[in-house]
Amino acid sequence: MRSVKADELSDWEPVIIKSTEAAATYLKRNWDAKRFLVQEEVYIMFLNCNNELLHYGLMSRGGTDACNFDIQIFLWEMSYHPLTKRVIISHNHPGKNATPSDKDIHNTTKLNTILMLMGVKLVDHIIFSPTGYFSFCQVGMIKELPAQY
């Protein structure tokens with residue numbers, strides 16, 4: 001393991017995600033292009049209260065038309081990032097449109113409910129396809145946190 005000197009950290013600029021467009025740009029730029037058109041994958045982004053990216057990574061890899069999203073594994077992964085206050089999830093629909101399936105809607109609603117109980121905001125669920133993307137946030141399909149959070 002390489003140690004990092006303090007002067008190296010002074011040049012570090014955090015990645016800040018302030019919009020769906022910014023998240024989509026970051027995700028698309030970092031997606032594994034070889035798999036994008038042939039295999040469904042789920043990626044996660046954990047942000048702190050200032051929308052700074054704490055973690056970005058592959059959560060799950062599936063087949064050509066489905067991908068399992070295990071919420072328990074997601075919560076385990078999030079436990080390694082205790083400063084997480086906002087979450088963005090994304091996955092792709094290879095070879096078809098970005099319209100969410102019933103399962104996509106169910107999983108997003110379930111995850112949002114769990115995160116709300118933890119005081120964490122699900123900012124967006126973005127589904128990519130070869131023709132564009134669908135944002136749950138942009139169409140109002142994600143509930144807001146109650147005011148006490």
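Which residues form a nonpolar patch on the surface? In this predicted model, the patch consists of Ile 73, Trp 76 and Tyr 80, which together have about 360 Å² of accessible area. Trp 76 belongs to helix H4, which covers residues 71-79. With a relative accessibility of 48%, Trp 76 is classed as partly exposed, because that class lies between 20% and 50%.

Aromatic contacts were examined next. The count of aromatic pairs comes to 10. In one of these, the ring centres of Trp 31 and Phe 128 lie 5.4 Å apart and the ring planes stand at 70 degrees, so the pair is edge-to-face; planes over 60 degrees apart count as such. This pair connects distant parts of the chain, its members being 97 residues apart. Trp 31 is located in the loop between helix H2 (20-30) and helix H3 (33-36), whereas Phe 128 lies in strand S4 (residues 121-129). Trp 31 is buried, at a relative accessible area of 6%, and Phe 128 is likewise buried, at 3% relative accessibility.

An edge-to-face arrangement is also found for Trp 76 and Tyr 80, whose ring centres are 5.2 Å apart and whose planes meet at 85 degrees. Both of these residues take part in the surface patch. Tyr 80 has a relative accessibility of 53% and therefore counts as exposed, while Trp 76, at 48%, remains partly exposed.

Ring pairs also join residues into a cluster, made up of Tyr 26, Trp 31, Phe 36, Tyr 43, Tyr 56, Phe 128 and Tyr 133. The buried residues Trp 31 and Phe 128 are thus among the members of this cluster.

How values were computed. Residues are numbered from 1 along each chain as its sequence is written. This is a predicted model: local features need pLDDT of at least 70, side-chain atom pairs count only at pLDDT 80 or more; totals for chains, interfaces and linings use all residues. Side-chain values use heavy atoms; hydrogens and water are left out. Patches are made of residues with over 30% relative accessible area and no salt bridge: like charges are joined within 9 Å, nonpolar side chains (Val, Leu, Ile, Met, Phe, Trp, Tyr) within 5 Å. Accessible areas come from the Shrake-Rupley method with a 1.4 Å probe; for residues, only the protein chains shown count as cover. A salt bridge is a side-chain nitrogen of Lys or Arg within 4 Å of a carboxyl oxygen of Asp or Glu. Helices (H or I, at least four residues) and strands (E, at least two) are DSSP runs, numbered from the N terminus. Buried means under 20% relative accessible area, exposed over 50%, partly exposed in between (1.4 Å probe, protein chains only). Rings of Phe, Tyr and Trp (its six-membered ring) pair if their centres lie within 6.5 Å; planes under 30 degrees apart count as stacked, over 60 as edge-to-face and the rest as tilted.
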